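Some notes for the modelling discussion follow.

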Amino acid sequence: MDLNINEIIEGSFQIIGGNFANAGEASMQMKSKLMEIGVHEAIVRRAAIATFEAEMNVIIYAAAGRLHYYISPDKITIKIDDMGPGIENIELAMQEGYSTAPDWVREMGWGAGMGLPNMKKNSDEFKIDSVVGEGTTIQMIINFS
Ligand SMILES: Nc1ncnc2c1ncn2[C@@H]1O[C@H](COP(=O)(O)OP(=O)(O)O)[C@@H](O)[C@H]1O
Ligand SMILES: [Mg+2]
């Protein structure tokens, strides 16, 4: 694939817990960057889905977080770290359908327990680390070919 990259493309976003009004800001900005440089639509979609789910989890579960993406000619790397409760049992949290989302979040249409599994499914590399009482860090890499 011939990408139109002649600069380092990266972006950084602050995500505030509970701020649903800003949900999707980081993933949408990243998505338009990827389209702008000519990344295949199916790959852009994977990156956008994975990033949006990560963003939502910070908004729903953490006090605050940061999302950073870095585009190189062959891939995009997305890192999300938050200050929050952390995840006690990562293996359980990774299971499809597992969710601790409160009722008011479910009423908004969230909390199907598919976020983490879909982040993993849509990434070529997926790493998650968490310290209970401190926060969670996720790194995802999506290759362009
Ligand atoms: N950033 C996070 N901080 C704390 N807990 C999290 C975080 N992300 C996910 N979790 C936990 O993992 C569970 C599964 O997450 P996910 O697969 O995105 O499903 P959902 O958000 O629909 O519950 C959540 O219900 C929550 O308990
Ligand atoms: Mg989620």
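1. A pocket here is an open set of points on a 1 Å grid over the protein atoms alone, where a 1.4 Å probe fits and protein lies on both sides within 12 Å along at least five of seven lines. Grid points are joined across faces, edges and corners, and a volume is the space filled by probe spheres set on the points. The largest pocket holds about 640 Å³.

2. This is a predicted model: local features need pLDDT of at least 70, side-chain atom pairs count only at pLDDT 80 or more, and totals for chains, interfaces and linings use all residues. Residues are numbered from 1 along each chain as its sequence is written, and side-chain values use heavy atoms, without hydrogens and water.

3. The lining of the largest pocket (residues with an atom within 4 Å of a point) has 33 residues, and nearest the centre are Asn57, Tyr61, Ile87, Thr100 and Leu116. Helix H2 (41-61) gives the largest share of this lining, seven residues.

4. Beyond four places in sequence, Leu34 is in contact (heavy atoms within 4.5 Å) with Val39, Val44, Ala47, Ile71, Ile76 and Phe144.

5. Ser72 lies in strand S2. Its relative accessible area is 12%, so Ser72 is buried.

Note on methods. Chains are lettered from A and ligands numbered from 1 in the order in which they are written. Helices (H or I, at least four residues) and strands (E, at least two) are DSSP runs, numbered from the N terminus. Buried means under 20% relative accessible area, exposed over 50%, partly exposed in between (1.4 Å probe, protein chains only).
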